[in-house]
Amino acid sequence: MTEHGEQSRIEADEARVALAGARWRARSRRVKLYRRVLPIVILVLAGGALTWTVFRTVMSGVERKASQSQEVRLDAPLFHGQDAQGRAFTVGAQGAVRDPDTGKFKLIGPALKLNLGGRKVTELTADGGIYDEQAKTVTIGPNVRISDGGTGFVLTTPEAVVDTSTGNVTGSKGVQGSGPIGTINASSYAIYDQGQRVVFDGAGDNKVKGVLTPKGSGG
């Protein structure tokens with residue numbers, strides 16, 4: 001009985017040793033596999049990332065060149081036109097870039113003149129602007145300065161929209177001005193008939209609301 005129990009323990013020990021050996025060999029095979037596969041995976045990922053980076057760089061360059069080649073850049077452009085009543089206007093700028101997709105001109109340092117005839121000229125200047133020839137609008141800003149030849153007022157505002165088909169100028173981002181009858185502060189404004197009539201409107205702290213007409217206009 002004693003010999004049989006000793007034999008059983010020996011067999012159990014041999015089984016545990018055999019099992020441990022099998023596990024060690026399996027782990028060793030996995031380690032060898034990882035050592036072979038992981039460098040390949042790392043190289044593939046690094047190569048893919050490098051290839052993608054080079055591809056995007058090349059494509060960005062091609063797209064930028066294609067875009068630049070389609071842009072039309074103008075130095076000191078001067079656009080001439082007439083409103084529906086045949087009155088002349090000019091849209092000048094220090095520079096302009098034509099967007100090939102929209103056909104709109106991005107203006108740098110725009111300067112507009114709406115000619116009422118004689119000495120009555122409304123002039124507008126700003127830091128930038130967009131001239132949409134098809135929609136017949138010029139939107140300028142920021143730092144808009146309007147010298148109105150009809151009322152004698154000088155207005156400053158963040159933005160002004162000029163309808164080149166009518167010559168009307170509008171803005172809804174606040175306006176300050178000074179002129180023959182004092183100063184004015186309003187929320188919005190509109191200059192009609194190329195300066196013959198100026199309408200201010202206000203809300204909140206800018207309660208002003210009124211209409212200015214130059215002398216001799218009959219308004």
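This is a conversation about how several descriptions of a predicted model follow from their definitions.

Colleague: What should I know about the numbering and the values?

Modeller: Residues are numbered from 1 along each chain as its sequence is written, and side-chain values use heavy atoms, with hydrogens and water left out. Since the model is predicted, local features need pLDDT of at least 70 and side-chain atom pairs count only at pLDDT 80 or more, while totals for chains, interfaces and linings use all residues.

Colleague: Why is Thr-164 counted as buried?

Modeller: Buried means under 20% relative accessible area, exposed over 50% and partly exposed in between, with a 1.4 Å probe and protein chains only; Thr-164 has 7% relative accessibility, so Thr-164 counts as buried. Thr-164 is found in the loop between β12 (160-163) and β13 (169-171), the strands being DSSP runs of E with at least two residues, and helices runs of H or I with at least four, numbered from the N terminus.

Colleague: What makes Phe-79 and Phe-105 a tilted aromatic pair?

Modeller: A pair of aromatic rings is described by the distance of the centres and the angle of the planes. Rings of Phe, Tyr and Trp (its six-membered ring) pair if their centres lie within 6.5 Å, and planes under 30 degrees apart count as stacked, over 60 as edge-to-face and the rest as tilted. By this rule the count comes to 5 aromatic pairs. Phe-79 and Phe-105 are 5.0 Å apart centre to centre with 55° between the planes, so they count as a pair and the pair is tilted. Phe-79 lies in strand β2 (residues 78-82) and Phe-105 in strand β5 (residues 105-108), so the pair ties together parts that are 26 residues apart in sequence.

Colleague: Why is the pair of Phe-79 and Tyr-131 called edge-to-face?

Modeller: The centres of Phe-79 and Tyr-131 are 5.0 Å apart and the angle between the planes is 65°, so the pair falls in the class over 60. Both Phe-79 and Tyr-131 are buried, and together with Phe-105 they form one aromatic cluster.
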